[in-house]
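Reader: I have a structure open and would like to go through it bit by bit. Can we start with how some of the helices pack?

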Amino acid sequence: MNDDVIVCDGVRKTFHSAAEDLEILRGIDLRLSSGDCASITGPSGCGKSTLLSILGGLDSPSTGRVMVGGIELSDAREDELSTFRARVVGFVFQFHYLLKDFTALENTMLPAFMASGDRRDAEARALPLLEAVGLGDRLHHVPSMLSGGERQRVAIARALINAPAIVLADEPTGNLDRASAGIVEELLFQMAATTNTTLLVVTHDQGMAERAGRRFMLRDGVLLES
Amino acid sequence: MKGAPILFVASRFFAGRRNAAGTRDQARKALVGAVLSIALSLVPLITVMQVADGMIRGITARYVELGTYHAQAVPYASADLVGARDAARNAPGVTGAWIERQSVGVVFAHGAREGAIIRGVEQGFVTDPSTLEYLRVVSGAATIEKPYDALVGSAMARKLSLNAGDTVNLITIRRNQSGVMIPRVSILTVRGVVSAGYRDLDAQWLFMRQETAARLLPPENTRSFVGIKAADPFKAPAAARDAVSGHLPPGFSVYQWKDIQRNLFESLASTRTMLLLIMAITVAVAAVNVSSALTTLVLERGQEIAVMKSLGASPADLARIFSLGGAALGALGAVLGAAGGLLVSVRINQILAGLERILNMLRDLSARLSGGLSPAQYRILDPAYYLETIPVHIPFAEIAVVVIAAVGLSFVAALGPARRAAALSPLDGFRKR
């Protein structure tokens with residue numbers, strides 16, 4: 001039985017400008033199964049984040065087929081993409097992107113609250129996640145009162161609250177000091193493994209990349225598995 | 001997204017928390033400014049609405065109760081006025097009916113003269129409660145029991161230095177059989193000085209008995225009719241006319257008060273409408289402030305909008321957050337503005353009096369410093385043209401309409417920024433970092 005949760009066939013992405021057309025992805029083929037842990041490395045500007053955005057339904061390919069979590073993203077409507085982002089994927093970005101007026105608890109529970117409309121249930125699901133990332137005593141702190149590593153841990157909890165099939169992490173430790181980066185990396189891999197979530201990490205950190213079960217390199221718009 | 005999370009996110013986006021420095025960001029300041037601008041635009045609107053309504057109602061009530069009556073039965077020719085009056089009094093719903101004869105003349109007293117509208121009325125009209133509600137006795141008594149008794153308006157009394165007990169000469173012009181105009185002088189005794197509180201009326205009226213008026217006034221220049229009063233003339237303007245319809249003897253036409261002074265009443269109403277339209281422009285401008293404040297918020301919160309989208313918020317959810325937020329801003333501003341407007345409206349007479357005192361103090365001070373004479377007292381609302389005090393009449397239903405309209409305008413003004421938020425690409429939003 002085919003349990004691929006990420007399927008890319010011949011994905012190309014071209015950015016058009018007045019001066020030139022820049023083809024950044026040149027026929028990406030990728031298949032990841034449920035529970036896979038994968039990393040993508042590559043030089044800056046090679047299109048890693050663009051590929052992740054396409055897989056997360058935040059961007060669309062110029063050509064090619066993208067199916068994530070059984071949903072065909074290439075021709076999905078905007079409302080279908082919203083539902084997809086709410087239920088199928090969780091994002092962890094290089095910058096935490098927490099909402100500044102919301103506490104750690106509110107930031108974490110927000111995706112669940114948005115999906116179900118039940119605040120009490122969303123909070124009940126957020127609390128153990130925040131405990132798990134070691135922020136049980138920081139529930140009511142707003143992002144400005146948290147350290148960089150703590151903010152990124154809240155972002156991980158937020159990415160996992162709706163129990164997504166896939167977590168897409170774009171340089172999740174890129175902005176952190178070594179100690180915080182280690183904690184965040186550990187949490188990310190550990191929680192993905194615990195919940196059998198497919199994890200795709202884009203990173204410059206070779207150590208982190210090698211920790212993934214499947215390792216890819218993006219170079220000159222082409223994805224190569226090592 | 002369901003309503004609860006939309007309200008939750010909107011409340012945080014719009015009300016938010018203070019930042020670490022204890023201040024609010026630029027967009028929040030703009031939102032507070034938008035709320036205040038809505039509130040401040042509604043204060044004058046509601047005040048003008050109340051003042052205009054109070055003035056119009058006050059002036060109209062004086063015209064209706066003291067001048068036009070609620071309806072007039074006007075004979076075609078020399079019809080039986082007494083019979084018509086008695087028939088009107090017996091008609092169901094009629095609270096009073098009196099004969100009146102109106103003409104013009106010149107009043108002389110203490111070496112001065114003044115043109116006057118001579119109103120030959122019945123004592124019953126003068127002492128009727130509906131009349132006395134608006135006709136204040138300044139001096140003497142409201143009585144015209146003897147044939148040559150007269151009541152004069154307070155403004156006329158001031159000009160002619162008249163007090164109760166004084167005598168005045170009334171000159172009327174009569175045309176003889178060969179067409180020659182002959183002046184006729186009658187001496188009347190002022191029994192009372194009365195005031196309607198509206199100088200326009202107080203400056204022109206001289207009341208005398210209708211029987212005397214029938215003898216003294218030239219019939220060719222005298223308008224005789226039966227004045228009729230019924231229930232509340234504002235709630236049912238045609239009530240008096242309808243009440244006597246079919247009860248009067250032949251030879252009479254009955255007109256309701258709105259038709260008798262149509263030009264005046266329409267002029268007052270159109271002035272009010274024009275004032276309100278001008279004031280409504282300020283509300284529209286305030287709604288534009290809502291739009292620009294929300295645009296600032298959308299621009300400032302581009303990244304958070306992108307985050308919301310990456311978490312699964314749809315464009316429609318974002319549009320709802322910002323459009324409802326805009327309506328909420330409008331509602332907050334409208335409630336504050338309505339409260340402020342009501343406060344000013346209820347205290348308008350005291351506020352104007354206070355302003356007049358301050359202005360006159362400044363004028364006096366300025367005159368003293370410049371060594372000149374102190375100028376005449378300044379009046380913001382000159383009672384020569386307006387009522388001496390503004391009747392406080394709060395148009396609650398209209399205020400509710402204004403509040404709803406302000407919320408609606410704010411909602412409409414928010415649609416642009418809401419669409420902008422909805423259309424924002426998540427990637428563009430993330431790039432705003």
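Author: α3(A) and helix α5 (residues 148–160) of chain A pack with their axes 7 Å apart, at an angle of about 25 degrees. Axes are lines fitted to C-alpha atoms, for helices over the stretch in contact, and angles run from 0 to 180 degrees between N-to-C directions. Helices (H or I, at least four residues) and strands (E, at least two) are DSSP runs, numbered from the N terminus.

Reader: Before more of that, where does the model come from, and how do the numbers and letters work?

Author: This is a predicted model, in which local features need pLDDT of at least 70, side-chain atom pairs count only at pLDDT 80 or more, and totals for chains, interfaces and linings use all residues. Residues are numbered from 1 along each chain as its sequence is written, while chains are lettered from A and ligands numbered from 1 in the order in which they are written.

Reader: Ok. Are α3(A) and α5(A) roughly parallel or roughly antiparallel?

Author: α3(A) and α5(A) are roughly parallel to each other. Angles under 35 degrees count as roughly parallel, over 145 as roughly antiparallel, 65 to 115 as roughly perpendicular and the rest as oblique.

Reader: Which residues of α3(A) and α5(A) meet?

Author: From α3(A) there are A:Ala104, A:Asn107, A:Thr108, A:Leu110 and A:Pro111, and they meet A:Val154, A:Ala157 and A:Arg158 in α5(A). Two residues are in contact if their C-beta atoms, placed from the backbone, lie within 7 Å. By class, this contact has five nonpolar, two polar and one charged residues. Ala, Val, Leu, Ile, Met, Phe, Trp, Tyr, Cys and Pro count as nonpolar, Asp, Glu, Lys and Arg as charged, and the others, Gly among them, as polar.

Reader: And chain B, how do α2(B) and α15(B) cross?

Author: Helix α2 (residues 26–68) of chain B and helix α15 (residues 396–423) of chain B cross at roughly 155 degrees, and their axes come within 11 Å. That makes α2(B) roughly antiparallel to α15(B). The contact is made by B:Ile38, B:Leu42, B:Leu45, B:Ile46 and B:Met49 of α2(B) with B:Glu398, B:Ile399, B:Val402, B:Ala406 and B:Ser410 of α15(B). Those residues divide into eight nonpolar, one polar and one charged.

Reader: New topic. What is the strand order of the open sheet in chain A?

Author: The order is β2-β1-β4-β5 (chain A), an open sheet of four strands with antiparallel pairing. β2 (21–33) and β5 (71–72) of chain A stand at the edges with a single partner strand each, so one side of each has no neighbour in the sheet. Two strands pair if DSSP finds at least two bridges between them.

Reader: How many bridges are there between β1(A) and β2(A)?

Author: Strand β1 (residues 4–16) of chain A pairs with β2(A) over 10 bridges, in the antiparallel sense. A:Arg12 has A:Arg26 as its bridge partner in β2(A), and A:Thr14 stands opposite A:Glu23. A hairpin of four residues joins β1(A) to β2(A).

Reader: What about β1(A) and β4(A)?

Author: Five bridges join β1(A) to strand β4 (residues 63–68) of chain A, and the two run antiparallel. In β4(A), A:Val68 is the bridge partner of A:Ile6.

Reader: Last one: how many residues of chain A and chain B are in the contact?

Author: Chain A gives 24 residues and chain B gives 21 residues. α2(A) gives the most to the side of chain A that touches chain B, with six residues.
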